[in-house]
Amino acid sequence: MLETLASLAAGAAANLLTPAVLFFALGAIAGWLKSDLTVPEQVAKTLALYLMLCIGFKGGVEARASGLTPDLLSAGGLGLVLSFAAPFAAYAALRAIGALDRVTAAATAAHYGSVSVVTFAAGSEYLRGIGVEFGGYMAAVLALMETPAILAALLIAGSRQGAAQARLKPTLWREVFLNGAAVVLVGSFVIGAITGERGMERLDVFVGALFQGALCLFLLDMGLVASRRIAEAPKLNWRLIGFAMGWPLLSAAVALAASAALGLSLGDASLMAILAASASYIAAPAAMRIALPKADAGVYLSLSLGVTFPFNLLVGIPLYHAAARLMYG
């Protein structure tokens, strides 16, 4: 036990001192000090697309190498279930402790069922850094977990407001299934699976050596955005902030227990916990803006991006892996 706690402390310290996390801290401090530092919006979007392309492509290559395994099917099925079920529980918790109106609670719950591609990127880099192997197909699990939570939130909103008010219109379906993040992530995974090692040889520098630098620049921008979002969120209270840090712990625990029951590997279970604990700030906000326009974006974006994302980046990722190690013995 003491050895595990010491390992957890060492892992957390090592994670805090990685370039990616330090660049996030630099952005957060700059934003807090009201620096004029900015990353152009189009640059940030390009970086996000680049990161998703790398993750999807490398995942496809590794999935082709490993083949259609029972672990892939188990992880994919578990990811779908967790993503769809989480918003119902999150909605109940937010209504009970957050004093949010129904629409805002439903929209916020969608963010906590969907997932964060950047948290996944940081988590996978952390595991690689400490020599923990995981399946490349986890990139496909990431893609699978993007949208079920959004559909669950719409079901919640529809059941509470009446079917006539549920915004299941064509533009929403396009936003859910054809948003840029989903297209690049899934498409890159398929291309990686088709081309395999031959494709990797051609893109090795682009998706490998450059990845860490792009991640640092993207997290610098995320630090700026997160700190400024917190400063502009007067509706947040301590109970909501507590939810934004407590819910990831609960979700990670459920994901770890389910992963162990399904026999997933230590690395896959750690990544599943990281995914379950993450909160979306790309796909879910875009969908909620169309589906539930009356929901308060200042609440759900501030919680997911301003609280949960830095919490996972600084504390959660090493903590979830340490918990996985404890569970797996």
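## A guided reading of a predicted helical chain

Val205 has its place in helix H10 (residues 180-209); helices (H or I, at least four residues) and strands (E, at least two) are DSSP runs, numbered from the N terminus. The structure is a predicted model, in which local features need pLDDT of at least 70 and side-chain atom pairs count only at pLDDT 80 or more, while totals for chains, interfaces and linings use all residues. Residues are numbered from 1 along each chain as its sequence is written, and side-chain values use heavy atoms, with hydrogens and water left out.

Val205 is exposed, with a relative accessible area of 55%. Here, exposed means over 50% relative accessible area, buried means under 20%, and partly exposed lies in between (1.4 Å probe, protein chains only). Together with Leu203, Phe206 and Leu210, Val205 forms a nonpolar patch on the surface, with about 330 Å² of accessible area in total. Such areas come from the Shrake-Rupley method with a 1.4 Å probe, and for residues only the protein chains shown count as cover. Patches are made of residues with over 30% relative accessible area and no salt bridge; like charges are joined within 9 Å, and nonpolar side chains (Val, Leu, Ile, Met, Phe, Trp, Tyr) within 5 Å.

From the surface we turn to the interior. A nonpolar core is a set of buried Ala, Val, Leu, Ile, Met, Phe, Trp, Tyr and Cys residues joined through side-chain atoms within 4.5 Å. The largest such core has 100 residues, and those touching the most other members are Ile55, Met138, Leu219, Met272, Met288, Leu292 and Phe309. Helix H15 (residues 297-328) supplies the largest share of this core, 12 residues. Leaving aside neighbours within four places in sequence, Leu219 is in contact (heavy atoms within 4.5 Å) with Ala20, Phe23, Phe24, Val118, Phe309 and Leu313.

The loop between helix H2 (19-32) and helix H3 (41-66) holds Val39. Lys34 lies in the loop between H2 and H3 as well. Is Val39 buried or exposed? Val39 counts as buried, because its relative accessibility is 13%. Beyond its neighbours within four places in sequence, Val39 is in contact with Ala44, Asp221 and Leu224. The C-alpha atoms of Val39 and Leu220 are separated by 8.3 Å, although these residues are 181 residues apart along the chain. Lys34, by contrast, is exposed, at 72% relative accessible area. The phi angle of Lys34 is near 60 degrees, a positive value in a residue other than glycine.

Side chains of opposite charge can pair when their charged atoms come close. A salt bridge is a side-chain nitrogen of Lys or Arg within 4 Å of a carboxyl oxygen of Asp or Glu, and the whole structure has two. In one of them, Lys45 pairs with Glu41, the closest N and O atoms being 3.4 Å apart. These two residues are separated by about one helical turn, because they are four residues apart in helix H3. Lys45 is partly exposed, at 44%, whereas Glu41 is exposed, at 56%. Glu125 forms a salt bridge with Arg128, with the closest N and O atoms 2.9 Å apart; both lie in helix H6 (residues 117-129), three residues apart.

Finally, confidence deserves attention. The chain averages a pLDDT (the predictor's confidence in each residue, from 0 to 100) of 83. Confidence is highest in helix H13 (residues 266-277), at a mean of 95, and lowest in helix H1 (residues 2-16), at 63. Over residues 162-166, pLDDT stays under 50. Where pLDDT is low, the predicted coordinates should not be read in detail.
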